[in-house]
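Dear colleague,

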Amino acid sequence: MVGIIGGTGVYDPAIMEDAHNQVVSTSYGDTEVTVGNLQGRRPVAFMPRHGGDHSVPPHMINYRANIEAMYKLGVKRII
């Protein structure tokens with residue numbers, strides 16, 4: 001599975017089919033990831049770095065939770 005961590009302005013998980021939100025519990029807290037298929041054939045985990053509503057400032061991003069969540073979902077590469 002490929003993971004995408006979107007930055008400012010990258011919040012459109014509509015590029016995925018069969019997308020669903022999933023809360024992943026980690027050692028550093030819970031984080032939300034959208035999981036779906038890209039072009040009907042490749043599983044993708046999408047995470048907006050600043051939160052879906054752009055409410056998380058850069059110094060408050062829980063990077064460790066985000067990376068552990070991707071690992072727990074089986075992500076092998078992160079873009």
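**The largest pocket**

By class, 9 nonpolar, 8 polar and 3 charged residues make up the lining of the largest pocket. Here Ala, Val, Leu, Ile, Met, Phe, Trp, Tyr, Cys and Pro count as nonpolar, Asp, Glu, Lys and Arg as charged, and the others, Gly among them, as polar. Please note that this is a predicted model, in which local features need pLDDT of at least 70 and side-chain atom pairs count only at pLDDT 80 or more, while totals for chains, interfaces and linings use all residues. Residues are numbered from 1 along each chain as its sequence is written, and side-chain values use heavy atoms, with hydrogens and water left out.

The lining comprises 20 residues, and those nearest the centre of the pocket are Glu32, Met47, Pro48, Gly51 and Gly52. A pocket is an open set of points on a 1 Å grid over the protein atoms alone, where a 1.4 Å probe fits, with protein on both sides within 12 Å along at least five of seven lines; lining residues have an atom within 4 Å of a point. Two or more lining residues come from each of S3, S4 and helix H1 (63–72). S3 gives the most, with 5 residues. The volume of the largest pocket is about 310 Å³, taken as the space filled by probe spheres set on the points, which are joined across faces, edges and corners.

**The fold as a whole**

The protein has 1 helix and 5 strands, in the order β-β-β-β-α-β from the N terminus on. Helices (H or I, at least four residues) and strands (E, at least two) are DSSP runs, numbered from the N terminus. The radius of gyration is 12 Å, close to the 12 Å that the globule rule gives for 79 residues, so the protein is as compact as a globular protein of that length. This radius is taken over C-alpha atoms, and the rule is 2.2 Å times the number of residues to the power 0.38. Of the 79 residues, 33% count as buried, that is, under 20% relative accessible area with a 1.4 Å probe, protein chains only.

**The sheet**

The 5 strands form an open sheet with mixed pairing, in the order S2-S3-S4-S1-S5. Its edge strands, S2 and S5 (77–78), each pair on one side only. Two strands pair if DSSP finds at least two bridges between them.

Strands S2 (residues 16–26) and S3 (residues 29–38) run antiparallel and are joined by 9 bridges, with a hairpin of 2 residues linking them. S3 also pairs with S4 (residues 42–48), in the antiparallel sense over 5 bridges. Val35 in S3 stands opposite His20, and its bridge partner in S4 is Ala45. The hairpin between S3 and S4 has 3 residues, and Gln39 in this turn has a positive phi of about 55°.

S1 (residues 2–6) runs parallel to S5, joined by 2 bridges, and Val2 stands opposite Arg77 in S5.

Technical notes. Buried means under 20% relative accessible area, exposed over 50%, partly exposed in between (1.4 Å probe, protein chains only).
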